[in-house]
Amino acid sequence: QAGITQDILVFRGFDDIGAKVILQNQFIAVCSDWSHLEFLKKNSLNQPIRLHLKFDTGMNRHGFAVEQAEKIKQFLSDNSVFQLEGICTHLLRGDDIDSAAGATHTQLKKMLQVEEVFSSLTQNIHCYNSAGFMGRLSLQNSRAKLPEYLAKPWGVRPGIMLYGSQPSEKTKHIQLRPVMSLRSQVQLI
């Protein structure tokens, strides 16, 4: 309604009413639960449903289990109204990307498994948060040989760094400028 013509991804969970709003406004749903797929299917009126699938690779907050990837692929194949446009996950940390034993490496390896299942359906994969992105950039710049899962051109959903805040102690060398400030006056003591 504000004139935005670019795609808008809806990352928050939704119910039956939310599915209707997503479809009416031609938003792209980021589905992290079977109920999301069912709500969208129920309200689709046979219009194409653009979506991204979110997988839980270790954050343990939202997302399909990696082991469900084949089952979801079959569901989408059986329901042609769905147009899978991307898959994603969310990194628990990201700032441990320089350690092969870190949670980030474990998560990215799991994402590689998901990518293999959906390789014929999508090339749009996004998983890096601010700390993960900045850490990966440092690794790339160091010219180190990256493991396959780090060499993938997976996308970034920057968060805190957009506001000019450091996502990690390890990124203090990268200069970011805060985009907001809070100013006030003492009114009462």
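## Ser-44 and its surroundings

In this predicted model, Ser-44 touches Leu-23, Ile-49 and Val-81, leaving aside its neighbours within four places in sequence. Ser-44 sits in the loop between H2 and S3. Its relative accessibility is 5%, so Ser-44 counts as buried; the cut-off is under 20%.

## Helix H2 and its buried face

Helix H2 covers residues 34–43. Its buried residues are His-36, Leu-37, Leu-40 and Asn-43. Seen down the axis, these residues fall within an arc of 145°, so they line one face of H2. The cover over them includes H1, S2, S3, strand S4 (64–65), H3 and strand S5 (82–88).

His-36 belongs to this helix. With a relative accessibility of 6%, His-36 counts as buried. A polar atom of its side chain lies 3.1 Å from the backbone nitrogen of Ser-32. Not counting residues up to four places away in sequence, His-36 touches Gly-13, Phe-14, Val-30 and Cys-31.

## H2 against H3

How do the axes of H2 and H3 cross, and at roughly what angle? The axes of H2 and H3 (residues 69–78) come within 12 Å and cross at roughly 5°. The two helices are therefore roughly parallel to each other. On the H2 side, Trp-34, Leu-37, Glu-38 and Lys-41 make the contact. On the H3 side, the contact residues are Lys-71, Ile-72 and Phe-75. By class, the contact of H2 with H3 has four nonpolar residues, three charged residues and no polar ones.

Leu-37 is among the buried residues of H2.

## Helix H1

Helix H1 runs over residues 16–24. Which of its residues are buried? They are Asp-16, Gly-18, Ala-19, Ile-22 and Leu-23. These residues cover an arc of only 155° around the axis, which puts them on the same side of H1. They pack against strand S1 (9–10), strand S2 (28–31), H2 and strand S3 (49–56). Leu-23 is also one of the residues in contact with Ser-44. On the other side of H1, Ile-17 and Gln-24 are exposed.

Both ends of H1 have features to look at. Asp-15 caps the N-terminal end: one of its side-chain oxygens lies 3.1 Å from the backbone nitrogen of Ile-17. Just after H1, Gln-26 takes a positive phi of about 55°.

## Arg-157

Arg-157 is in the segment after strand S7 (155–156). Its side chain makes a polar contact with the side chain of His-90, at 3.3 Å. Not counting residues up to four places away in sequence, Arg-157 touches Phe-11, Cys-88, Thr-89, His-90, His-126, Cys-127, Tyr-128, Asn-129 and Ser-130.

## Ser-138

Ser-138 lies in helix H5 (residues 130–141). Its relative accessible area is 34%, so Ser-138 is partly exposed. Ser-138 and Asp-98 are 40 residues apart in sequence. In space, they are 8.9 Å apart, C-alpha to C-alpha.

## The whole protein

The secondary structure comes to six helices and seven strands. From the N terminus on, the order is β-α-β-α-β-β-α-β-α-β-α-α-β. The protein has 189 residues, and 40% of them count as buried.

The C-alpha atoms fill a box of roughly 55 × 55 × 30 Å along the principal axes. Of the contacts with a separation of 6 or more, 61% are between residues 24 or more positions apart.

Conventions
Residues are numbered from 1 along each chain as its sequence is written. This is a predicted model: local features need pLDDT of at least 70, side-chain atom pairs count only at pLDDT 80 or more; totals for chains, interfaces and linings use all residues. Side-chain values use heavy atoms; hydrogens and water are left out. Axes are lines fitted to C-alpha atoms, for helices over the stretch in contact, and angles run from 0 to 180 degrees between N-to-C directions. Helices (H or I, at least four residues) and strands (E, at least two) are DSSP runs, numbered from the N terminus. Angles under 35 degrees count as roughly parallel, over 145 as roughly antiparallel, 65 to 115 as roughly perpendicular and the rest as oblique. Contact means heavy atoms within 4.5 Å. Ala, Val, Leu, Ile, Met, Phe, Trp, Tyr, Cys and Pro count as nonpolar, Asp, Glu, Lys and Arg as charged, and the others, Gly among them, as polar. Buried means under 20% relative accessible area, exposed over 50%, partly exposed in between (1.4 Å probe, protein chains only). The arc is that of the directions from the helix axis to the C-beta atoms. A polar contact is a pair of N or O atoms within 3.5 Å; within protein, one must be able to donate a hydrogen and the other to accept it, and residues adjacent in sequence count only if both atoms are side-chain atoms.
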